[in-house]
Amino acid sequence: MQAVQNKQRLAALTLAALGVVYGDIGTSPLYSIKEVFGGAHHPVPITPENVLGILSLFLWSLFIVVTLKYVSFVMRANNKGEGGIIALMTLALDRGTPGTWQQKLLLMLGLFGAALFYGDGVITPAISVLSAVEGLEIVTPAFKPYILPISLVVLIALFLFQRRGTATVGALFGPVMLIWFAVLAALGALAIVDNPSVLAAINPLHAFRFLTSNSLLGFFALGAVVLCITGAEALYADMGHFGAKPIQYAWLGYVMPALFINYLGQGALLLADPSAIENPFYLLAPEWARYPLVILATVATVIASQAVISGAFSITQQAIQLGYTPRLEIQHTSEKEIGQIYLPAINWLLLIAIIALVLEFRSSSNLAAAYGIAVTGTMLITNLLAIAVAVRLWKWKPARAILGALPFICIDLAFFLANSVKIPDGGWFPLAFGLAIFILLTTWKRGRELLSRRLADEAMALTSFASNIAENGIERVPGTAVFLTTNPGNVPHALLHSLKHFKTLHEQVVILSVQVFAVPYVPDVDRVAVKPLHGNFSQVTVQYGFKDEPDIPAALLMCAEAGLQLDFMDTSFFLGRETLIPKLGSEMAYWRELLFIALFRNAGSATAFFRIPSNRVVELGSQVVL
């Protein structure tokens, strides 16, 4: 019975993964072939040799980059089931020596890769939805003035739907994507039947001949070929939502074969009718089927956007817990599946950026120039972090790890360099957007370190303070006071201010700190650590993983097993609220100090983030000069 239930759950997760994870890569046929042969940037002449060469590049890129690299190799480098570039970075950093140049380099690479992923999260919805709606022009040119308004309405509706969560989205979108990939395969198969010679593209020699006989053009063509593998990074980032097996089964058993057949079908159509480059995807379908196909494609591109949106949510949650971004509101959208979340602030910021992008670039062809840089940059960084994980965690010899990753590095580097020539035509956007996010991430991390150091410089040791309190007979009042602090070894500033103003202390004092480990989840048995001190003081450490949902009251209830009894009706929580003052000549540039102070002021409330009852909270302010 259990085995049957496990199979049913696996099937359900595989279908949901099909809906959420594979929308991005599954809608690449809408624009990839068109961009290679008919795009504005170095279009490839349509000849039988070139068509077979490009198709071969498509098929082998999908097989090598997605199947071998991501599905077979990179997904093994997961942090206890959690994927994405932040999870990969924490794995790489976990086994290193803090403060070394290697650690700093890996940290910078990981944060910049995450920043580029956000750029991908902006471009993917824009190019996917635009490319689908542009199919209306094939039906009738009368729709051309309405392409942008329809695209914007679809995108806004998608982001309004996010609050329902990936569980609802996956259940709705899974069956749609099941139909989508079946349609891809059916359309491709019909064209292949008419021109079966296109199957020769399976031979990788055609790709090799194309690249060697068209050296410069072949290099430029890689900038468009890469469009067929966009979405592979989202596949890895969404791993924590569904697990590795459902994602792997869906790819190998359904998605990859459908993509292969459709790309071959588009190639067969171009061999028969080169004028079909106007829109080879839609022209695969008979005229009567194009209206329904536009509707299906539009729904599929909405799903394509979901992969990177949910991936952005997941990466942001990890970054918050690890201290790389300010606290933001996180809503858990499923009672059964951990990791299915919604972040309102990220949702609306992405939507604003996407609307601006659509209004600026106005067509999928213009956006294609911007797309490749974000994707290939993230993929290249993933390779480097995976090498570090293989050496540090899996204990591979450095030479073996580098040689194993070298083919993937060469491929991703070739794609990246081919896209770099498009920087003036739109490739600047993901770089600029990624750089802005990178500055925010590093400024927050550096600012928090500087603030902690300033507070530590003025702090007193907790153990000696507790002993002195016990000896000096400070008046104690009934109840329990919980003081939150980031430095458990020192006396919290809020405690000193409380003592200064009220001249008393509560009968029971708890110094509470939260520690986040570089693992997704910490089991409940390890959630709290309690250390009794003199003077009825207790030092409590609450331990979370970077995917755990912080809940301080629930964690404190677990302290009873360690002998620390708390009556929440008689407990007050004391939080420090620092007012930061910038300082010229500090350890951080003045403009970054101002940026950090702005982020600090607008960070989410610790009360809400840690689920502390607001009517039990007392905040005590202090000024800190950075």
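Let's start with Arg611, which is partly exposed at a relative accessible area of 45%. The model is a predicted one, and in it Arg611 sits in the loop that runs between helix 25 (606-609) and strand 8 (617-625). Its backbone deserves a look: Arg611 is not a glycine, yet its phi is positive, at about 60°. As background, most residues other than glycine have a negative phi.

Lys395 belongs to the loop between helix 18 (364-392) and helix 19 (398-420). Is Lys395 buried or exposed? With a relative accessible area of 64%, Lys395 is exposed, because the cut-off for that class is over 50%.

## Helix 6 and its two partners

Two packed helices are described by the angle between their axes and the distance between the axes. Helix 6 (residues 101-133) and helix 17 (residues 344-361) have axes that come within 9 Å and cross at roughly 50°. Helix 6 and helix 17 are therefore oblique to each other, and their crossing is right-handed. Which residues meet here? From helix 6 come Tyr118, Gly121, Val122, Ile123, Pro125, Ala126 and Leu130, while helix 17 brings Leu350, Ala353, Ile354, Leu357 and Val358. Sorted by class, this contact of helix 6 with helix 17 holds 11 nonpolar residues, 1 polar residue and no charged ones.

Helix 6 also packs with helix 5 (residues 85-94), at an angle of about 175° and with the axes 9 Å apart. An angle over 145 degrees counts as roughly antiparallel, so helix 5 and helix 6 are roughly antiparallel to each other. On the helix 5 side, the residues are Ile85, Ile86, Met89, Ala92 and Leu93. They meet Gln103, Leu106, Leu107, Gly110, Leu111, Gly113 and Ala114 of helix 6. The contact of helix 5 with helix 6 divides into 9 nonpolar and 3 polar residues, with no charged ones.

Helix 4 and helix 11 (residues 215-225) pack with their axes 11 Å apart, at an angle of about 50°. Helix 4 and helix 11 are therefore oblique to each other, and the crossing of this pair is right-handed. On one side, helix 4 contributes Ile54, Leu57, Phe58 and Ser61; on the other, helix 11 contributes Ala221, Leu222 and Val225. By class, the contact of helix 4 with helix 11 has 6 nonpolar residues, 1 polar residue and no charged residues.

Ser72 is also part of helix 4, which covers residues 48-73. Ser72 is partly exposed, with a relative accessible area of 39%. Where is Ser72 relative to Gly621? Between their C-alpha atoms the distance is 52 Å, and in sequence the two are 549 residues apart.

Thr443 lies in helix 20 (residues 428-457). Its relative accessible area is 0%, which means that Thr443 is buried. Setting aside residues up to four places away in sequence, Thr443 touches Met588, Arg592, Leu595 and Phe596.

Val514, for its part, is found in strand 4 (residues 505-517). At 29% relative accessibility, Val514 counts as partly exposed. Val514 and Val540 are 26 residues apart in sequence, and their C-alpha atoms are 8.6 Å apart in space. Which residues does Val514 contact, beyond its neighbours within four places in sequence? The answer is Thr485, Val542, Tyr544, Ile552 and Phe610.

## Cysteines

How many disulfides does the model contain? With a disulfide taken as a pair of cysteine sulfur atoms within 2.5 Å, the count comes to 0. Cys228 shows this clearly: the nearest cysteine sulfur belongs to Cys410 and is 18 Å away, so Cys228 is in no disulfide.

Cys228 is buried, its relative accessible area being 0%. Cys559 is likewise buried, with a relative accessible area of 0%.

Definitions and conventions
Residues numbered from 1 in each chain as written. Predicted model: local features only at pLDDT ≥ 70, side-chain atom pairs only at ≥ 80, totals over all residues. Heavy atoms only, no water. Buried < 20%, exposed > 50% of the residue type's maximum accessible area, 1.4 Å probe, protein only. Axes fitted to C-alpha atoms, helices over the stretch in contact; angles between N-to-C directions. Helix = DSSP H or I, 4+ residues; strand = E, 2+ residues; numbered from the N terminus. Parallel < 35°, antiparallel > 145°, perpendicular 65-115°, else oblique. Left-handed = near helix turned anticlockwise from the far one by under 90°. Contact = heavy atoms within 4.5 Å. Nonpolar A, V, L, I, M, F, W, Y, C, P; charged D, E, K, R; others polar.
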